[in-house]
Amino acid sequence: MLALRKRPVMTENIDAALDRIEEKLVTSGEREVASDRIGDLVMRELRKLDMVAYVRFASVYRNFTDIDEFSDAVREVNTPKSSARGKK
């Protein structure tokens with residue numbers, strides 16, 4: 001929610017993204033889910049919802065240590081989704 005603060009994203013779209021994440025986790029059949037799996041799912045959904053929120057979340061989730069990592073995330077946003085890198 002913090003990544004989406006003051007972003008023009010409707011509550012219904014956020015709820016739908018949360019539902020998709022939950023469904024993927026429930027249908028995986030795993031009793032325990034690694035936090036990095038959840039983070040990756042959140043990243044995918046944020047990328048669909050709002051690019052600024054995606055970069056905000058990525059900067060914390062990936063623990064950027066320099067401007068180059070931030071620049072990489074911005075470039076990733078500008079890359080078509082089908083060819084985006086599967087970076088954690």
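## Why these labels? A chat about a predicted model

User: Where is leucine 2 found?
Analyst: This is a predicted model, and in it leucine 2 is found in the segment before helix H1 (11-27).

User: How do you know how far leucine 2 is from phenylalanine 57?
Analyst: There are two ways to count: leucine 2 and phenylalanine 57 are 55 residues apart in sequence, and 8.2 Å apart in space, C-alpha to C-alpha.

User: What about isoleucine 67: why does that one count as exposed?
Analyst: Again, the cut-off is over 50%. Isoleucine 67 has 60% relative accessibility, so isoleucine 67 counts as exposed. You'll find isoleucine 67 in helix H4 (residues 67-78).

User: What makes up the nonpolar patch with Ile67?
Analyst: Ile67, Phe70 and Val74 form that patch on the surface, and together they have about 260 Å² of accessible area. Nonpolar side chains are joined into a patch within 5 Å, if each residue has over 30% relative accessible area and no salt bridge.

User: Which residues touch the most other members of the largest nonpolar core?
Analyst: Leu4, Leu46, Ala53 and Tyr54 do, out of 13 residues in that core. Helix H2 (35-49), helix H3 (51-61) and H4 each give two or more residues to this core. H3 gives the most, with four residues.

User: What does tyrosine 54 touch?
Analyst: Leaving out residues up to four places away in sequence, tyrosine 54 touches Met43, Leu46, Arg47, Arg62, Ala73, Glu76 and Val77. Touching here means heavy atoms within 4.5 Å.

Notes. Residues numbered from 1 in each chain as written. Predicted model: local features only at pLDDT ≥ 70, side-chain atom pairs only at ≥ 80, totals over all residues. Heavy atoms only, no water. Patch = residues over 30% accessible without salt bridge, like charges linked within 9 Å, V, L, I, M, F, W, Y side chains within 5 Å. Areas by Shrake-Rupley, 256 points an atom, 1.4 Å probe, with all protein chains shown as cover. Salt bridge = Lys/Arg side-chain N within 4 Å of Asp/Glu carboxyl O. Buried < 20%, exposed > 50% of the residue type's maximum accessible area, 1.4 Å probe, protein only. Core = buried A, V, L, I, M, F, W, Y, C linked by side-chain atoms within 4.5 Å.
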